[in-house]
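Work through the exercises below with the model open beside you. Try each task before you read its solution.

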Amino acid sequence: MCKYVSKQPSKSVKIWFEIGGRKRDERIITYKNRKTGEQVQEWESGFGIGRDTEDLEGELWKPLEKMDSTQVYEILNNIRNELKNYEPNLAFKTIHKIRYNLTPAEREYWWKLIHKLTSIKQTESKYIKDNKGELISNKCPLCKTQKETRNHYNHECPKVLEFRKQIARIIYKETITNEEWMLQKSIDTASDTVIAKARWVYHCERCKIDHKSRRRINNNILLDTTIHRTDLALPKWKEFIKKTHENTKIKTKQIQQTKQIRT
Ligand SMILES: [Zn+2]
C-alpha cells in the first residue's frame, strides 16, 4: 500500500511566487556611495523581482537583499487587491484620521473589528469546550437570549442599542447609524473618537461579563469611562462638537433662507 502525504508548501515560497520572484545570474555590482563618494562592491544572490534588462543603468530589478518585509507585503497586497477589485474598508480612513487620539489597545481592537477577527460566541461555540467537556453556548453573554452573530454583536443586541442611544446623546445627535457606529461614515473627529472609545469600553465590559468577573452591564459606568478616556485624548471635545453643530445649523439655515429667497 502506498500512502500519499500531502504537505502544504511553505508560506514564504507561495508568497515568493505570488509576487513574481525569480532567479537570475548572481553578480557583483559596483556603485558609488553617495555620502562618502567611495566605490563599493556588492554581491547579489540573483534572487529578486522585476524585469531583467541588459542595460544595467535602466534596469527595473529589485534584488531580494534590498527588500524588507513591509515592501514585500505592499507588493503582495497590491497584487491581491487588483485581482479581487478590492475596495478598502472605509473605517480604515476614519481610524487613520483619529489614530493619535487612540491608545494602542483601542487601535488593535479596531483593527480586529474591521477585519472581523473579534471573537464572538457564534464561532467560539464551534470549538471551545467548558469544564464538563461540552461545547459552549452560542448565546450573547449580554442579553443571553439571542445567538451572538457578528451583526448581533455590532448592531442588533438590545444592550448595544441602548448604549448607542446614550452615546448619541453625549455627541448631540439624535441617532447613530450602523455605518457611523462602525466608523465607515465619519461624523467629525471628536464624535468619531468618542464612538471608537465607547466601543472599546463596551467590548471590555462584554468580556468581563463573559468571563463572569462582572454580573451585569452598567451603562452609566461605561459612559463615564468613555467620557474620561475621551477627555484624556481630546480635552476640548465637547466644545468642538458643539461648535460644529452650531456651524451646521447656521449653514442649513442659510441654505433654507437662500431657497426661500429664490422661490
Ligand atoms: Zn445580545
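The exercises go from confidence and domains to helix packing and then to single residues.

This is a predicted model: local features need pLDDT of at least 70, side-chain atom pairs count only at pLDDT 80 or more, and totals for chains, interfaces and linings use all residues. Residues are numbered from 1 along each chain as its sequence is written.

**Exercise 1. Find where confidence in the protein chain is lowest and where it is highest.**

Step 1. Take the overall value. The mean pLDDT (the predictor's confidence in each residue, from 0 to 100) is 85 for the protein chain. In that chain, 90% of the residues reach 70 or more.

Step 2. Go to the helices (DSSP runs of H or I, at least four residues, numbered from the N terminus). Helix 2 (residues 69-84) has the lowest confidence, with a mean of 78. Helix 9 (residues 189-210) has the highest, at 95.

**Exercise 2. State how the protein chain is divided into domains.**

Step 1. Domain bounds come from an automatic or database domain assignment. They give domain 1 (11-84) and domain 2 (92-251).

Step 2. The C-alpha centres of the two domains lie 43 Å apart.

**Exercise 3. Sort residues of helix 3 into buried and exposed.**

Step 1. Apply the cut-offs: buried means 20 or more other C-beta atoms within 10 Å of the residue's own, exposed 12 or fewer, partly exposed in between, with C-beta atoms placed from the backbone.

Step 2. In helix 3 (residues 90-97), Ala91, Thr94 and Ile95 are buried. They share one side of helix 3 because they cover an arc of only 100 degrees around the axis. That arc is taken from the directions from the helix axis to the C-beta atoms.

Step 3. Turn to the other side of helix 3: Lys93 and His96 are exposed there.

Step 4. Look for partners. The buried residues of helix 3 pack against helix 4 (104-114) and helix 9. Contact means C-beta atoms, placed from the backbone, within 7 Å.

**Exercise 4. Describe how helix 4 and helix 9 meet.**

Step 1. Glu106, Tyr109 and Trp110 in helix 4 meet Ala196, Lys197, Trp200 and His203 in helix 9.

Step 2. The two axes come within 10 Å and cross at roughly 85 degrees. Helix 4 and helix 9 are therefore roughly perpendicular (65 to 115 degrees).

**Exercise 5. Examine the backbone and exposure of Lys116.**

Step 1. Lys116 sits in the loop between helix 4 and helix 5.

Step 2. Lys116 is not a glycine, yet has a positive phi of about 55 degrees. Most residues other than glycine have a negative phi.

Step 3. Lys116 counts as exposed because it has 11 C-beta neighbours inside 10 Å.

How values were computed:
Helix = DSSP H or I, 4+ residues; strand = E, 2+ residues; numbered from the N terminus. Contact = placed C-beta atoms within 7 Å. Axes fitted to C-alpha atoms, helices over the stretch in contact; angles between N-to-C directions. Parallel < 35°, antiparallel > 145°, perpendicular 65-115°, else oblique.
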